[in-house]
Each structure stands twice: as structure tokens, then as C-alpha cells.
Amino acid sequence: MMTLQIDKARPEEKELVIRLLKEADLPTEDLPDSLPNFLLAKEGEALVGVAGLERFGSVGLLRSVAVSPAHQGQGIAGRMVEQLLNNADKQKLEAVYLITTTADHYFDRYGFIAVDRQEVPEAIQQTRQFSGLCPSSAVVMKRNIKHQTA
């Protein structure tokens, strides 16, 4: 079994990311060019997972969490989500939101709770993902970030 590496995405890896997200039926049209705050999980050279956190002022949008079908059920997404939430804490974000049509129960375990679309901050409402790429039936979830002081 190869070892799994989780690293920050590099701009030149965007095509690989798009391929994996399309395989998972996730939107790719609004991916940021240089993939800042995106993590990639790789086995050797093969991309097996992706997750991103877009920052909007004091809040973030967790997005593009996907793992290739052959690697699902191994905790890969969880490791990336945990790392991104830790980064959100270090960056002093107040809350992280996500939009999902299928994975709301998955994100419960990370402390995300479903919220009314009207309660979502303007910055998140203005994202393409919120305003059009994800259907209005999608569940919007929020997790408050508690800044632990060392």
C-alpha cells in the first residue's frame, strides 16, 4: 500500500483537480485559478482526493471535497477536512460554511449543522456556488470555529 501524502495544491495541478471533481459531480466552473487553500491527497503521483476552503473575510466556504471512488471509505476526506478546519482556526475565521446536495450527514460528524439560506453571510451568498452552481435545494451547513488559545 502506498503512503498517502496531503499537500497544498499547486496552480499547475488545476486540471487534475477538475477531472476528479467532475468524476464526483461537483462544480468546477468557479474554481480559483491558483487553488489557494486547497489540499490534494495523493498516492505516489496519483491524485486521489481534493478539498478546498475559500476565504471571504471572517468566514470560509468549504468546497470541492472529493475522493476517487477507489479510495473512498479510508478517511482521506476526513483528514483533509480536519486540516482545513485547523487552518480556518489558525486564520481566525469565525465560521465555515458548506453547500451540499448529498453529504450533509457526512459533515455532521465535523460539527456542521444545517442553517437557513437566509442566515448565510452576504459574502458566501455572492459566491457562484451559492447563487447558482448548487441547486436551491442544496443543504447549507455552518460550523463555528472556536479559536483555541495555546
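Trainee: Glu 13 and Lys 42: buried or exposed?

Mentor: Both are buried. Keep in mind that this is a predicted model.

Trainee: What do Glu 13 and Lys 42 form, and how far apart are the closest N and O atoms?

Mentor: They form a salt bridge, with the closest N and O atoms 2.3 Å apart. Glu 13 sits in the loop between β1 (4–8) and α1 (14–23), and Lys 42 in strand β2 (residues 38–43), so the pair ties together parts 29 residues apart in sequence.

Trainee: How many salt bridges does a search of the whole structure find?

Mentor: Six. One of them links Arg 10 to Glu 12, at 2.8 Å between the closest N and O atoms.

Trainee: And how accessible are Arg 10 and Glu 12?

Mentor: Arg 10 is partly exposed, at 42% relative accessible area. Glu 12 is exposed, at 56%.

Trainee: What about Glu 54 and Arg 63?

Mentor: Their side chains meet in a salt bridge too, 2.8 Å from N to O. Glu 54 counts as buried because its relative accessibility is 17%, and the cut-off is under 20%. Arg 63 is buried as well, at 2%.

Trainee: New topic. Where does Thr 100 lie?

Mentor: In strand β5, residues 95–100. Thr 100 is buried, at 8% relative accessible area.

Trainee: Which residues does Thr 100 touch, leaving out those up to four places away in sequence?

Mentor: Ala 138, Val 139 and Met 141. Also, a polar atom of the Thr 100 side chain lies 3.2 Å from the backbone nitrogen of Thr 102.

How values were computed. Residues numbered from 1 in each chain as written. Predicted model: local features only at pLDDT ≥ 70, side-chain atom pairs only at ≥ 80, totals over all residues. Heavy atoms only, no water. Helix = DSSP H or I, 4+ residues; strand = E, 2+ residues; numbered from the N terminus. Buried < 20%, exposed > 50% of the residue type's maximum accessible area, 1.4 Å probe, protein only. Polar contact = N/O pair within 3.5 Å; in protein donor to acceptor, adjacent residues only side chain to side chain. Contact = heavy atoms within 4.5 Å. Salt bridge = Lys/Arg side-chain N within 4 Å of Asp/Glu carboxyl O.
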